[in-house]
Amino acid sequence: MASTDIKEVVKEKYGQAALRVKTGGSTCCGATAAGASCDPITSNLYDDSQALQIPEEALRASLGCGNPTALAQLNPGETVLDLGSGGGIDVLLSAKRVGPAGKAYGLDMTDEMLALANENKRKAGATNVEFLQGEIENIPLPDNSVDVIISNCVINLSADKGRVLREAFRVLKPGGRFAVSDVVTRGQVNEEIRKSVLLWVGCVAGALDESEYRDKLGSAGFERIEIEPTRVYNVEDARAFLSAEGVNVDAIAPEVDGKFMSAFVRAVKPMNQAHSCCG
């Protein structure tokens with residue numbers, strides 16, 4: 001798919017998901033009924049204490065594969081940016097952790113998700129939150145303006161991940177942290193099988209192999225790169241979906257098991273390296 005086609009597919013999917021939440025439905029991979037099962041990707045990512053801190057619609061709008069707010073170090077007074085913020089769950093949770101002296105930005109390109117996020121902001125009474133419209137490949141914030149970048153299963157949806165990571169590096173302050181949840185793959189997988197499984201994992205294919213993710217982060221300028229698996233998927237997790245797609249699940253099991261995962265990706269912008277037009 002061309003990058004413009006991918007962008008339109010993602011935009012349409014997330015717009016429909018936001019509308020389903022408004023009518024009491026679920027966001028999960030095309031599900032229409034409230035409470036539809038999304039295991040093992042999008043379920044049970046937030047504990048009860050976190051769920052109680054945010055409006056129910058923000059929780060139901062989550063299409064994430066992890067919980068970056070639980071794993072990222074966030075300090076009072078810091079500025080946080082969530083790439084692909086959706087209904088705003090991770091922005092609202094981050095805003096509580098950075099406190100009144102801090103700031104939490106959410107960036108999303110989908111009108112419906114932004115409307116839902118702003119409604120959730122109003123319900124939560126959050127005064128240190130701002131939702132921005134835009135694309136994660138072109139972040140509408142100045143250089144060296146953010147302490148921490150988080151994201152929840154969104155970077156894998158971009159057709160130009162290298163540009164996303166360069167933009168993340170640009171807006172981070174020297175010493176700033178990149179701390180995202182994302183879908184990654186591990187090792188060689190037949191391309192047709194890879195497409196089928198990634199379609200299940202993220203509803204839209206596109207995850208990087210973990211070694212390629214490291215390379216792209218390094219090329220963008222990041223250091224101290226770590227990729228920590230948080231959920232590893234096996235073929236049984238996707239059996240119903242893949243069977244419906246006409247895939248012989250038993251035949252592909254050896255190629256799939258242990259090679260698709262949600263991971264927490266960490267990296268740091270060096271203290272002595274600020275972005276410049278000539279660097």
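User: Leaving aside its neighbours within four places in sequence, which residues is Phe222 in contact with?

Analyst: Contact means heavy atoms within 4.5 Å. By that criterion, and with neighbours within four places in sequence set aside, Phe222 touches Leu165, Ala168, Phe169, Leu172, Phe178, Leu217, Ala267, Val268 and Lys269. This is a predicted model, in which local features need pLDDT of at least 70 and side-chain atom pairs count only at pLDDT 80 or more, while totals for chains, interfaces and linings use all residues. Residues are numbered from 1 along each chain as its sequence is written, and side-chain values use heavy atoms, with hydrogens and water left out.

User: How many residues does the largest nonpolar core have?

Analyst: A nonpolar core is a set of buried Ala, Val, Leu, Ile, Met, Phe, Trp, Tyr and Cys residues joined through side-chain atoms within 4.5 Å. Buried means under 20% relative accessible area, exposed over 50%, partly exposed in between (1.4 Å probe, protein chains only). The largest such core here has 31 residues, and Leu81, Ile149, Phe178, Tyr213 and Phe222 have the most contacts inside it.

User: Where is Asn144 found, and what is its phi?

Analyst: Most residues other than glycine have a negative phi. Asn144 has a positive phi, near 55°, and is found in the loop between strands S3 (129–133) and S4; strands (E, at least two residues) are DSSP runs, numbered from the N terminus. Asn144 counts as partly exposed because its relative accessibility is 28%.

User: Is Arg224 buried or exposed?

Analyst: Arg224 is exposed, at 63% relative accessibility. This residue of strand S7 (residues 223–233) also has a positive phi, near 50°.

Definitions and conventions
Helix = DSSP H or I, 4+ residues; strand = E, 2+ residues; numbered from the N terminus.
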